[in-house]
Amino acid sequence: MVEERLSAIEERNVRVQMDKAWERSYTRRAVISILTYFTAAIFMEVNDFLHPWITAIVPVLGYLLSTLSLPWIKQYWLSRQKPL
């Protein structure tokens with residue numbers, strides 16, 4: 001009984017760690033960037049934006065900048081929180 005519960009907790013911990021690794025991975029960032037670029041470019045193309053395939057870089061750069069700055073902001077925020 002206790003061994004089964006411990007095993008279930010360990011399996012859950014592995015899944016959580018893998019999810020965390022995925023959230024921080026460059027692969028995830030690249031896939032999101034590519035999907036964002038093509039979605040924005042197609043939207044801009046359909047709506048007759050000027051230079052849509054170049055302009056679509058703007059939201060991708062915004063996303064990439066946010067992924068670079070958020071860890072620092074998170075650390076600052078965590079340092080200001082009071083322990084429970």
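Let me begin with a convention: a crossing of two helices is called left-handed if the near helix is turned anticlockwise from the far one by less than a right angle, and right-handed if it is turned clockwise. What we have here is a predicted model, in which local features need pLDDT of at least 70 and side-chain atom pairs count only at pLDDT 80 or more, while totals for chains, interfaces and linings use all residues. Residues are numbered from 1 along each chain as its sequence is written, and side-chain values use heavy atoms, with hydrogens and water left out.

Two packed helices are described by the angle between their axes and the distance between the axes. For H2, residues 26-46, and H4, residues 57-80, the axes come within 8 Å and cross at roughly 155°; these axes are lines fitted to C-alpha atoms, for helices over the stretch in contact, and the angles run from 0 to 180 degrees between N-to-C directions. H2 and H4 are therefore roughly antiparallel to each other, on a scale where angles under 35 degrees count as roughly parallel, over 145 as roughly antiparallel, 65 to 115 as roughly perpendicular and the rest as oblique. By the convention I opened with, the crossing of H2 and H4 is right-handed.

Which residues make this contact? From H2 they are Arg 28, Arg 29, Ile 32, Ser 33, Thr 36, Tyr 37 and Ala 40, and from H4 they are Ile 57, Pro 59, Val 60, Tyr 63, Leu 64 and Thr 67, with contact meaning heavy atoms within 4.5 Å. In the contact of H2 with H4, eight residues are nonpolar, three polar and two charged; here Ala, Val, Leu, Ile, Met, Phe, Trp, Tyr, Cys and Pro count as nonpolar, Asp, Glu, Lys and Arg as charged, and the others, Gly among them, as polar.

Thr 67 of H4 deserves a moment, as its relative accessibility of 13% makes it buried, where buried means under 20% relative accessible area, exposed over 50% and partly exposed in between, with a 1.4 Å probe and protein chains only. The side chain of Thr 67 also reaches the backbone oxygen of Leu 64, at 2.7 Å.

Beyond that helix, Lys 82 is found in the segment after H4 and is exposed at 76% relative accessibility. Between Lys 82 and Val 60 there are 35 Å in space, C-alpha to C-alpha, for a separation of 22 residues in sequence.

Turning to the other helix pair, the axes of H1, residues 2-24, and H2 come within 5 Å and cross at roughly 50°, which makes H1 oblique to H2. Trp 22, Glu 23 and Arg 24 of H1 make this contact with Tyr 26, Thr 27, Arg 28 and Arg 29 of H2, and the residues divide into two nonpolar, one polar and four charged. Trp 22 is partly exposed, at 44%, and touches Thr 27 and Arg 28, if residues up to four places away in sequence are not counted.

Finally, the loop between H2 and H3 (52-55) holds Asp 48, which is exposed at 71% relative accessibility and has a positive phi of about 55° although it is not a glycine. His 51 is found in the loop between H2 and H3, and its phi, near 50°, is again a positive value in a residue other than glycine.

Notes: Helix = DSSP H or I, 4+ residues; strand = E, 2+ residues; numbered from the N terminus. Polar contact = N/O pair within 3.5 Å; in protein donor to acceptor, adjacent residues only side chain to side chain.
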